[in-house]
Amino acid sequence: MNRESRGIQSIEVGGELLRALARSGEPMMLRDLAREAGMTPAKAHPYLASFSRIGLIEQDETTGRYEIGALALELGLISLRRLSGVRIARPKIAGLASQIGHAVSLAVWGTHGPTVVQVEEPAQPVHIVMRVGSVMALLETATGRAFAAFLPEKTINAALESGLDRHGVGYNPKRAVKGAKVAEMLAEVRTHGLARALGDPLPGVNAFSAPVFDHSGHVALVITAMGPEGTFDARWDSPIANALRDCAGGISKRLGHGMTVAAE
């Protein structure tokens with residue numbers, strides 16, 4: 001055996017029990033779980049005891065059945081929330097920038113609000129005042145409005161009232177954080193599935209932003225396409241707008257958005 005690929009055989013053997021439980025999707029009795037893993041109950045029991053101690057599985061005291069534990073659930077959630085999103089989106093936004101001929105950025109909800117984590121430029125670079133690490137103001141930028149329109153209202157209200165994004169691009173300390181005008185602006189974003197900025201807060205620059213949703217319907221990312229107003233078609237049904245919607249929708253699908261489990 002190649003030394004570099006050498007592992008711990010007992011862990012690999014015990015892993016068959018975890019795979020069997022995952023395949024079942026339901027709590028299982030010891031005898032059934034052992035059978036599905038290709039071992040005897042006597043052999044399976046010590047593995048299950050160790051897995052229980054570290055939280056990978058747990059046993060119902062009433063029925064005696066084994067099911068996925070808290071640690072396994074936490075690892076699964078981390079995979080869904082972190083592993084997939086940015087990793088999947090990065091090559092997609094590079095392709096989008098090449099397709100539309102304009103800069104494209106990727107933002108996540110960070111400590112100070114909408115935060116840019118990736119910027120892709122087309123073959124002919126367009127100089128836009130945005131870089132990785134930039135925080136975008138919630139109500140003044142297309143990126144911020146996409147988050148504001150689709151994140152839970154409670155989250156956005158708290159962010160606006162506390163001035164969470166006060167160091168963000170375009171932030172206006174005199175802005176109203178509530179009222180009919182704000183509600184109308186966010187309703188427009190929801191109607192079109194896109195947020196739009198026309199030369200504001202960056203003079204001469206237009207932008208569209210689209211939300212990316214994860215398996216739970218939560219906004220995981222926001223993709224923004226931006227370019228000079230002379231060449232950036234900012235109509236709601238423009239080729240740029242449609243390409244951005246398609247890109248965001250494709251990534252959302254990869255993250256499990258819209259997938260349902262049929263009820264029995």
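Residues are numbered from 1 along each chain as its sequence is written, and side-chain values use heavy atoms, with hydrogens and water left out. Because the model is predicted, local features need pLDDT of at least 70 and side-chain atom pairs count only at pLDDT 80 or more, while totals for chains, interfaces and linings use all residues.

Helices (H or I, at least four residues) and strands (E, at least two) are DSSP runs, numbered from the N terminus. α3 covers residues 41-54, 14 residues in all, and its first and last C-alpha atoms lie 20 Å apart, close to the 20 Å expected at 1.5 Å a residue; the expected span is 1.5 Å times one less than the number of residues. Its buried residues are A44, L48 and F51, where buried means under 20% relative accessible area, exposed over 50%, and partly exposed in between (1.4 Å probe, protein chains only). An α-helix has 3.6 residues a turn, so residues three or four places apart point the same way. The face of α3 turned away from the buried side carries the exposed residues A42 and R53. As for what covers the buried residues of α3, the list includes α1 (9-24), α2 (30-37), β1 (57-59) and β2 (66-68), with contact meaning heavy atoms within 4.5 Å. Just past the end of α3, G55 takes a positive phi of about 90°.

Helix α5 (residues 85-100) also agrees with expectation: its 16 residues should span 22 Å, and its end C-alpha atoms are 22 Å apart. The buried residues here are G85, I88, A89, I93, L96, A97 and I100. After α5 comes G101, with a positive phi near 75°.

Turning to one more helix, L75 has its place in α4 (residues 70-83). L75 counts as partly exposed, because its relative accessibility is 47%.

Finally, there is R175, found in the loop between α7 (153-162) and α8 (180-192). With a relative accessible area of 13%, R175 is buried. Leaving aside neighbours within four places in sequence, R175 is in contact with A137, L138, L139, E140, L160 and D165. R175 and L139 are 36 residues apart in sequence, yet their C-alpha atoms are 8.6 Å apart in space.
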